[in-house]
Amino acid sequence: MVPEQDVLIISTIWSQLAQRAKQDNSLHLADLFASDDGRFDRFSLEGAGLLADFSKQRITDESRELLVKLADERQLRHWLDALFSGAEVNCTEGRSAKHWCLREPVDKAPLVHEQLDAMEGMVNRILERHWRGVQGDAITDVVNVGVGGSDLGPLMAAFALQSSELPDGQARPRLHFASSMDGSQVSQVLQELNPRTTLFLVSSKSFTTVDTLHNANTARQWLARGLGLDYDDASLLRCHFIGISANAERMAEWGIVPTNQLLFWDWVGGRYSLWSAIGMPIALTVGMAGFREMLAGAHEMDRHCRTQPWKENMPVMLALVDVWNINFLDIRARAVLPYDGRLKHLPAYLEQLEMESNGKSVSRTGEPVEYDTCPVIWGEVGPNAQHAFFQLLHQGTQVIACEFLMTARRYTEAVHSASVAELEGQHALSNANCLAQSRLLALGERALDPSLALPAYKRYHGNQPSTTLVLDELSPRVLGALLAMYEHKVFVQAVIWGINPFDQWGVEMGKVIATDMLGVLADPEAAYGLDASSLALARYVAEKQK
């Protein structure tokens, strides 16, 4: 049973945290490290192939104890039990949120494994070059047509794991992604492809998403022209399209044959769907054995979250540190900075996961919240960001929390013409920069020679908080654990704030208004009740199109 939860009441513990933040305001991270040799040991956690270092956050033993008490006061244990028991935790849509079930073993989730087995058959046919186009050619290119969670998750993970090895006899197809509704992205992708050897994955939970279906229709017309077939030709649809959705009826109406349909369920939110058949591009990158390893890593993190006490629980501590920064230190933005280029799409993935989930201003009971919830998430690959916006992080006027990610192990064999030694040297350089940047942000000029007398424009105040996450290696299993950790962190924060992280009504309203605006663009003069700005812009565009 889901426990009752009202809008957060400013409790005694909340007040104590506010008072603690005022008391700690004068503390500098350089002083905390100078006075405490054991700080790293007490403020770091390890498990599931990950190390999480919170010691460069502006947190003390006293503030951590109060945050743990806040988690208990907010009934975190009850809410985690509700989540993992399949209770109706998505109150506005009357649904459970069972994305974690996609990682369960076969005896606990037989229907999930039934779809995994169906996906495995398709994946193996493609990787072994047995899947043929309508004219008998082996498939060499696969295009994922989706948007939001049907694009960001698969794109991020497939890119991150593209250096993984496949079993003998399997060859990875070239993967492409089309999500933009304006047609520019799908148009560019299609220019590079041969219709005889191209397969499309049409991924949409409802199979009604306008962005996705427009891109899919464009792809279908392109195939028909290129292959000299009718738009509705059954062989074209059978050989060149796979549908992935929770709506089998809609897939069939569009033309996806039953043998080419992969299903998931309405209790899987879009931004949590990469663990389902939506993750087929990932499976095409690492093979089904690798995909199952990713699920196993996520399942390991599920167990960790469910069983570990709060102070030893990585997703819980990540969440509580964020709550401390946002609600008590007034730090309302977080930069995600991976120092491994394979994680270049992780910031965009986390932008959706966190801001679509917790970008809420109304409690579960419908009351307006009176405190900040989700921070602004942004980021870039660290070595590039150093030459772009790190100036603001080091010497700007705003405090921005940072999240650094690095991998301990990387190159184990030669890649193309580069030697292992050369690539390991570059990996070491990247990691050195990661550690140096987090150190300078925390300690400021005291990370340098303390005796230096720097002019004002060269001074680094420091005391900028950061967390560093170290992956043992970027393998499917460790990536699975990392992503599950972020998912649970988001849920824990939602419990603290008393909000529903599983709906996105703001997104839905935008879709409705966009549909209405199509008529306005077609005939601006027929518009009624439109604001002056939107009407003027519609008229301007219409005039330029004459």
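E293 counts as partly exposed because its relative accessibility is 35%, where partly exposed lies between buried (under 20% relative accessible area) and exposed (over 50%), found with a 1.4 Å probe on protein chains only. The structure is a predicted model, in which local features need pLDDT of at least 70, side-chain atom pairs count only at pLDDT 80 or more, and totals for chains, interfaces and linings use all residues. Residues are numbered from 1 along each chain as its sequence is written, and side-chain values use heavy atoms, with hydrogens and water left out.

**E293**
- E293 is part of helix α12 (residues 280-307); helices (H or I, at least four residues) are DSSP runs numbered from the N terminus.
- Leaving aside neighbours within four places in sequence, E293 is in contact with P476 and R477, contact meaning heavy atoms within 4.5 Å.
- S475 is 182 residues from E293 along the chain, and their C-alpha atoms are separated by 8.7 Å.

**E354**
- Helix α14 holds E354, which counts as buried because its relative accessibility is 1%.
- The side chain of E354 makes a polar contact of 2.6 Å with the side chain of R334. A polar contact is a pair of N or O atoms within 3.5 Å; within protein, one must be able to donate a hydrogen and the other to accept it, and residues adjacent in sequence count only if both atoms are side-chain atoms.
- A polar contact of 3.2 Å joins the side chain of E354 to that of K489.
- Not counting residues up to four places away in sequence, E354 touches several residues, among them D322, C374, Y486 and Q493.

**Positions from the UniProt record**
- The unreviewed UniProt entry places the feature "active site" at E356, H387 and K511. These positions are spread over 156 residues of sequence and, in space, up to 36.8 Å between C-alpha atoms.
- UniProt positions are given in the numbering used here, feature names are shortened, and annotations may be inferred rather than shown by experiment.
- E356 lies in helix α14 (residues 346-358), and its side chain forms a polar contact of 2.9 Å with the side chain of R271.
- Residues up to four places away in sequence aside, E356 touches R271, E351, D503, Q504 and V507.
- K511 sits in helix α19 (residues 505-522) and counts as partly exposed because its relative accessibility is 42%.

**The largest pocket**
- The largest pocket has about 1,300 Å³ of space. Of the 45 residues that line the largest pocket, S206, T209, V507, E508 and K511 are the closest to its centre.
- On a 1 Å grid over the protein atoms alone, a pocket is an open set of points with protein on both sides within 12 Å along at least five of seven lines, a cavity is a set where a 1.4 Å probe fits but cannot get out, and lining residues have an atom within 4 Å of a point.
- Grid points are joined across faces, edges and corners, and a volume is the space filled by probe spheres set on the points.
- Helix α19 gives the most to the lining of the largest pocket, with nine residues.
- The lining of the largest pocket divides into 16 nonpolar, 19 polar and ten charged residues. Ala, Val, Leu, Ile, Met, Phe, Trp, Tyr, Cys and Pro count as nonpolar, Asp, Glu, Lys and Arg as charged, and the others, Gly among them, as polar.

**Cavities**
- The model has five cavities of 30 Å³ or more, and the largest cavity has a volume of about 70 Å³.
- Residues lining the largest cavity include A21, D24, R58 and L329.

How values were computed. Helix = DSSP H or I, 4+ residues; strand = E, 2+ residues; numbered from the N terminus.
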